[in-house]
Amino acid sequence: GVTEWSNWLWRHGANIWQNLESRIIPSNHYLADVLGLAVVGSSFPQDATAQNWLRFARNEFPRALLAQTRRDGGLNEASLRYHAFVTEMALLCRLALGKPFPKAAEERLQAMCQILADFRDADGDVFAFGDDDSGRVLALDFNSPLGRGDILLKLAAAQLNREFTPAPSAVCPESGWWVRRNKDFVVALEYGGAGLRGLGGHAHNDDLSI
């Protein structure tokens, strides 16, 4: 019943807390951990341990988001599809926390959402630069005629109170992503290196992919 389900949810929060995936250069795994703590913590407002998880998530997610993205908004892991995955995490974490991130993280999230708009492909997702392991939090696009990018942009508009529309031309100089649009035609180029500060990541050998 409900009590058994809530017990398992709390135990899952405890398991995340005891096994945080923070390394020298954390990945999207760590952001997923902190998102989980935000959701579980907000589900138990009367539980002191869960509230500690929530306080940690409130402080840590914005910091970790800034650490794992570049100043132009692109994800360090150097994959546009992973970028969409992490942007979904950030939007949902902001929703779970119930208030905006601090100013620097809020601005970074807006830059991340603009990348989704600028690099949106014809199917409503983002261009396939780097890995695509089908990472989702809610997988809403699996049961919708809309693509993942389109759905995330709707979520972003509701969360951030602004519409994100594609620019005719855009470049992310640190991430190495460039795009130009002309009516129904779009060309995008990747030149950003291997990702994770040169240690390798989800970009692999996609440099100069078009």
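**Helix packing and salt bridges in a predicted model**

In helix 2, the residues N28, Y30, L31, D33, V34, L35, G36, L37, A38, V40 and G41 are buried, where buried denotes under 20% relative accessible area, exposed over 50%, and partly exposed the range in between (1.4 Å probe, protein chains only). The structure is a predicted model, in which local features need pLDDT of at least 70 and side-chain atom pairs count only at pLDDT 80 or more, while totals for chains, interfaces and linings use all residues. Residues are numbered from 1 along each chain as its sequence is written, and side-chain values use heavy atoms, with hydrogens and water left out. Helices (H or I, at least four residues) and strands (E, at least two) are DSSP runs, numbered from the N terminus.

The buried residues of helix 2 pack against helix 1 (2-18), helix 3 and helix 4. Helix 2 comprises 16 residues (residues 28-43), which at 1.5 Å a residue should span 22 Å; its end C-alpha atoms are 23 Å apart, in agreement with that value. The expected span of a helix is taken as 1.5 Å times one less than its number of residues. Helix 4 is mostly covered, with 16 of its 18 residues buried.

Both ends of helix 4 show local features. At its start, a side-chain oxygen of S79 reaches to within 3.4 Å of the backbone nitrogen of R81. This pair falls under the definition of a polar contact, namely N or O atoms within 3.5 Å; within protein, one must be able to donate a hydrogen and the other to accept it, and residues adjacent in sequence count only if both atoms are side-chain atoms. A78, in the loop between helix 3 (48-67) and helix 4, has a phi near 65 degrees, a positive value in a residue other than glycine. A78 counts as buried, at 2% relative accessibility. Helix 4 is followed by G98, whose phi is positive, near 80 degrees. A positive phi in a residue other than glycine is also found at N161, near 60 degrees. N161 lies in the loop between helix 6 and strand 1 (169-172) and is exposed, with a relative accessible area of 70%.

A search of the whole structure finds 10 salt bridges, a salt bridge being a side-chain nitrogen of Lys or Arg within 4 Å of a carboxyl oxygen of Asp or Glu. The side chains of E60 and R63 meet in one of these, at 2.6 Å from N to O. Being 3 residues apart in helix 3, E60 and R63 are separated by about one helical turn. E60 counts as buried at 12% relative accessibility, whereas R63 counts as partly exposed at 44%. E106 and R94 also form a salt bridge through their side chains (2.6 Å, N to O). E106 lies in helix 5 and R94 in helix 4, so the pair ties together parts that are 12 residues apart in sequence. E106 is buried, with a relative accessible area of 12%, and R94 is buried, with 9%.

A further salt bridge joins R148 and D125, the closest N and O atoms being 3.2 Å apart. R148 lies in helix 6 and D125 in the loop between helix 5 and helix 6, so the pair ties together parts that are 23 residues apart in sequence. Both R148 and D125 are buried. R81, D121, D125, D132 and R148 are linked in a network of salt bridges.

Within this network, D121 is found in the loop between helix 5 (103-118) and helix 6 (148-160). D121 is buried, with a relative accessible area of 11%. A polar atom of the D121 side chain lies 2.9 Å from the backbone nitrogen of D123, and the side chain of D121 reaches the backbone nitrogen of G124 at 3.1 Å. Leaving aside neighbours within four places in sequence, D121 is in contact (heavy atoms within 4.5 Å) with R81, V126 and F127.

The loop between helix 5 and helix 6 also holds A128, which at 47% relative accessibility counts as partly exposed. The C-alpha atoms of A128 and L54, 74 residues apart along the chain, are separated by 34 Å. L140 is found in the loop between helix 5 and helix 6 and counts as partly exposed, at 47% relative accessibility.
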